[in-house]
Amino acid sequence: MLQYNFIAPRQIVFGWGRRTEAGALGRNLGNRAFLFSGLPDRLAETVIPQIADALHAERIDMIEAGAIDHEPEAADVDEATASLVEAGAGPGDFLLAVGGGAAIDLAKATSAMAANTESPTVVDYLEGVGRGLKLQNDPLPVMAIPTTAGTGAEATYNAVISHYDPPWKKSLRDARLMPQIALVDPELCVTVPPAVTAASGMDAITQLIESYVSRKAQPIPQALCMQGLRLGVPAIAEAVADGSSRSARERMSHAALLSCMA
């Protein structure tokens with residue numbers, strides 16, 4: 001018997017240079033955008049102003065909510081949540097994540113916690129730890145703009161959260177955590193160093209293989225896997241050797257997007 005569910009972002013916007021469309025896309029999400037950035041300083045200095053200008057052109061206020069350069073920890077989520085609550089975040093607001101999986105997962109988790117106040121800590125909502133609480137209210141909308149081609153956090157409905165005392169890594173998982181908009185601009189990956197390009201690219205390729213061979217594999221994900229592997233396997237070496245290759249960056253970004261949906 002064939003039976004499955006398939007969940008994906010409400011809207012996927014893919015293309016070279018399309019980060020400048022963030023304002024027009026955000027217009028349907030809210031009037032205030034809380035920015036979560038995972039960019040190195042040299043990239044943030046150019047990319048964030050471009051996105052801010054696009055938002056301001058649509059009369060959307062951008063509020064810098066936090067920057068992160070490591071896997072999000074429970075304390076990071078709780079601190080970001082407190083900041084959003086203090087700012088009165090609610091209907092009419094959305095979260096904008098620009099960066100790798102860390103920034104996007106932090107935004108997704110915070111979007112949920114800002115709308116669910118049964119507990120002051122995300123730990124109580126994670127799988128396998130805490131109190132096992134479920135999200136009662138819809139998370140705030142999220143627009144995800146990835147700057148690496150690998151984790152695919154822009155099109156998954158979980159956020160991976162770490163803790164070090166005691167050590168664990170757990171997920172906050174709910175179908176409503178799926179970003180409303182995945183804005184994938186492969187040009188943002190041009191400055192990613194070769195080692196990171198290789199590691200993140202292999203993350204995507206591994207996810208494509210795992211999803212295809214899984215005993216729980218389903219038709220739509222398997223079809224995405226085949227397309228992703230056709231794109232990613234030949235492109236990864238080229239992207240590592242020549243980070244400025246538009247063709248290689250486009251294929252790897254598309255492969256990563258397909259891997260997370262798969």
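My entries follow, from the whole chain down to single residues.

**Ground rules**

I am working with a predicted model, in which local features need pLDDT of at least 70 and side-chain atom pairs count only at pLDDT 80 or more, while totals for chains, interfaces and linings use all residues. Residues are numbered from 1 along each chain as its sequence is written, and side-chain values use heavy atoms, with hydrogens and water left out.

**Whole chain**

I looked up the secondary structure and got seven helices and eight strands. These are DSSP runs numbered from the N terminus, helices being H or I with at least four residues and strands E with at least two.

Next I checked the overall dimensions. The C-alpha trace spans about 50 × 50 × 35 Å along its principal axes. The radius of gyration is 18 Å, which agrees with the value near 18 Å for a compact globule of 262 residues. I noted that this radius is taken over C-alpha atoms, and that the globule rule is 2.2 Å times the number of residues to the power 0.38.

Then burial: 52% of the 262 residues count as buried. The cut-offs are under 20% relative accessible area for buried, over 50% for exposed, and partly exposed in between, with a 1.4 Å probe and protein chains only. The accessible surface comes to about 12000 Å², and carbon and sulfur atoms own 51% of that. Those areas come from the Shrake-Rupley method with a 1.4 Å probe; for residues, only the protein chains shown count as cover.

Residues 24 or more positions apart make up 77% of them.

**Cavities**

I needed the terms first. On a 1 Å grid over the protein atoms alone, a cavity is a set of points where a 1.4 Å probe fits but cannot get out, a pocket is an open set with protein on both sides within 12 Å along at least five of seven lines, and lining residues have an atom within 4 Å of a point. Points are joined across faces, edges and corners, and a volume is the space filled by probe spheres set on the points.

How many cavities of 30 Å³ or more are there? I found two.

Helices H5 (194-213), H6 (219-241) and H7 (246-261) each supply at least two residues of its lining. By class the lining has six nonpolar, five polar and one charged. For the classes, Ala, Val, Leu, Ile, Met, Phe, Trp, Tyr, Cys and Pro count as nonpolar, Asp, Glu, Lys and Arg as charged, and the others, Gly among them, as polar.

The second largest cavity comes to about 30 Å³. Its lining includes Glu154, Asp185 and Ser253. I also spotted Thr148, Ala149 and Ser253 in the lining of the largest cavity.

**Pockets**

The largest pocket holds about 1100 Å³ of space. It is lined by 38 residues, with Thr156, Asn158, Ser259, Cys260 and Ala262 nearest its centre. Which helix gives the largest share of the lining? That is H5, with seven residues. The lining splits into 17 nonpolar, 15 polar and six charged residues.

The second largest pocket has about 180 Å³ and 13 lining residues, with Pro40, Thr148, Val192, Pro193 and Val196 nearest its centre.

**Single residues**

Val196 lies in H5. Its relative accessible area is 38%, so I logged it as partly exposed. Its C-alpha is 9.4 Å from that of Gly150, 46 residues away in sequence.

Is Ala159 buried or exposed? At 0% relative accessibility, it counts as buried. Ala159 sits in strand S6 and, beyond its neighbours within four places, is in contact with residues including Asp105, Lys108 and Leu172.

The peptide bond from Asp165 to Pro166 is cis, with omega near 5°; Pro166 lies in the loop between S6 and strand S7 (167-173). Arg59 has a positive phi of about 60° although it is not a glycine. I flagged both since most residues other than glycine have a negative phi, and most peptide bonds are trans. Arg59 is in the loop between helix H2 (41-57) and strand S3 (61-67), and its relative accessible area of 77% makes it exposed.

Methods: Contact = heavy atoms within 4.5 Å.
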